[in-house]
Amino acid sequence: MTDSPSQLPERGHVHLDAVGGAAGDMFVAALLDALPGLRERVFEDLAAVQPDGLGRPELSEGTSAGIAVRRFGLGGAHAEGDHGHAHGTRFTDLAARIEAAPLQAGTAMQSVAILRRLAEAESRVHRVPMAEVHFHEIGDWDSLLDVVAAGSIAAALAGWTWSVSELPRGGGLVRTRHGLLPVPAPATADLLTGFRWRDDGHAGERVTPTGAAILAHLVAAPAARQPSGLRLIASGMGAGTRELEGMPNVLRALVHAIDTGDDMNEDSVMVLCFDVDDMTGEEIGVAADRLRDSAGVLDVSLGMRVGKKGRPLHDFRLLVVPAELENVVDLCLSETSTIGLRWHQVHRRRLARGSDAVAVDGLTLRRKQVRRPGGETTLKVESDDLARTGTLAARRRLQTRAEREEGKAK
């Protein structure tokens, strides 16, 4: 069991087993049960965003179908019906409240990103602009605090990867502000397009819109296999309030450290994208160089596409260290003319790399080394070193000789 955030491994993976379903409170309870060292951080963030007199967020112990579980929710005044709804249920209102609160690093960004996913789904489902989207489930303070708590957990585990089991589809109808709607609710189905589902014979709403937004935000590639080298370090059970016949209504979190071998390295990066159609070539070149040189940016690539009204545009694609995403977002908005960006988290696998140098015809040529699965090592001479020599044919002959020479490791 991990006791504090400082003891968490730099790289890890959380697998969520949606045994009974997935809801915001179940997610928070499961992760805080598995990683009690995160509780102080999460509850400090909750205290910073909630109004006075609302009641106290609680992580309680209990059972579900005979299994020891944790439950997360509001007690105290809220349980008696006071302060039941957040003031202002529009996405912009709730995002502004979160961003204005003195939250810990990364919590606001992660929380607002979860809310934005839900707002985008509601906008698509009801054919209304995002500015007019009103959250009904998130209008309750306990649901809004689920989002902030989930954002705090996601920020604490920045750079980790996430996966989820098949989701229980449920069935029947659910009562909403829009009347009776089929299960899964339309916004939930929209958010979880691409996720795997199962029918376990239990009806009702099994995955809530808040739970769906959290999963859609965290699970970068629903169909991808889990990374290799997983070592289980903790597990936790988060339960919902509903009782299911013959099975526990729980979401289980399996927390892993990732042990990588010598031949490869796995981690997660953020892919940040945006388009511009009103910058000159010189301006684009300066912006790309500045972004490429900024802290946390691993790579910058540009593409050409055609946008609305037949306008040519440049498509920027950045690979960013997750912890630096917020700073890089601000830099993109200041160095380019774009007014909007998109990002998502992806898992990557990199082969083990090294370098050496060889002397050929009086030249010192650096070589990149990559160790392939199975032990084979491939070499590539640095292009900048070859560029100082003659024609293309001469450079290719020099490259072939350099790749055959015994090198001195660096």
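## Strands side by side

Strand β16 (residues 363–371) pairs with strand β17 (residues 377–381) through 5 bridges, and the two run antiparallel. Strands here are DSSP runs of E with at least two residues, numbered from the N terminus, and two of them count as paired if DSSP finds at least two bridges between them. This is a predicted model, where local features need pLDDT of at least 70 and side-chain atom pairs count only at pLDDT 80 or more, while totals for chains, interfaces and linings use all residues. Residues are numbered from 1 along each chain as its sequence is written, and side-chain values use heavy atoms, leaving out hydrogens and water.

β16 also pairs with strand β15 (residues 353–360), again antiparallel, this time through 8 bridges. Take R367 as a landmark: R367 is the bridge partner of D356, and R367 also stands opposite V381 in β17. The hairpin of β15 and β16 has 2 residues between the strands, and D361 takes a positive phi there, near 50°.

## A helix with a buried face

Now look at helix α8, residues 281–292 (helices are DSSP runs of H or I with at least four residues). Its 12 residues reach 16 Å from the first C-alpha to the last, close to the 16 Å expected; that expected span is 1.5 Å times one less than the number of residues.

Which residues of α8 are buried? They are I284, A287, A288 and L291, where buried means under 20% relative accessible area with a 1.4 Å probe, counting protein chains only. Down the axis of α8, these buried residues fall within an arc of 100° (taken from the directions from the axis to the C-beta atoms), so they line one face of the helix. An α-helix has 3.6 residues a turn, so residues three or four places apart point the same way.

The largest nonpolar core has 69 residues, and L16, F27, L31, I153 and W162 touch the most other members. A nonpolar core is a set of buried Ala, Val, Leu, Ile, Met, Phe, Trp, Tyr and Cys residues joined through side-chain atoms within 4.5 Å. Contacts of L16 (heavy atoms within 4.5 Å) include F27, L31, W162, V164 and L251, not counting residues up to four places away in sequence. A second, separate core of 20 residues includes I284 and A287, along with V320 and L325.

How many disulfides does the structure hold? It holds 0, a disulfide being a pair of cysteine sulfur atoms within 2.5 Å. For C273, the nearest cysteine sulfur is that of C332, 10 Å away. C273 is buried at a relative accessible area of 15%, and C332 is buried at 0%.

Definitions and conventions
Buried means under 20% relative accessible area, exposed over 50%, partly exposed in between (1.4 Å probe, protein chains only).
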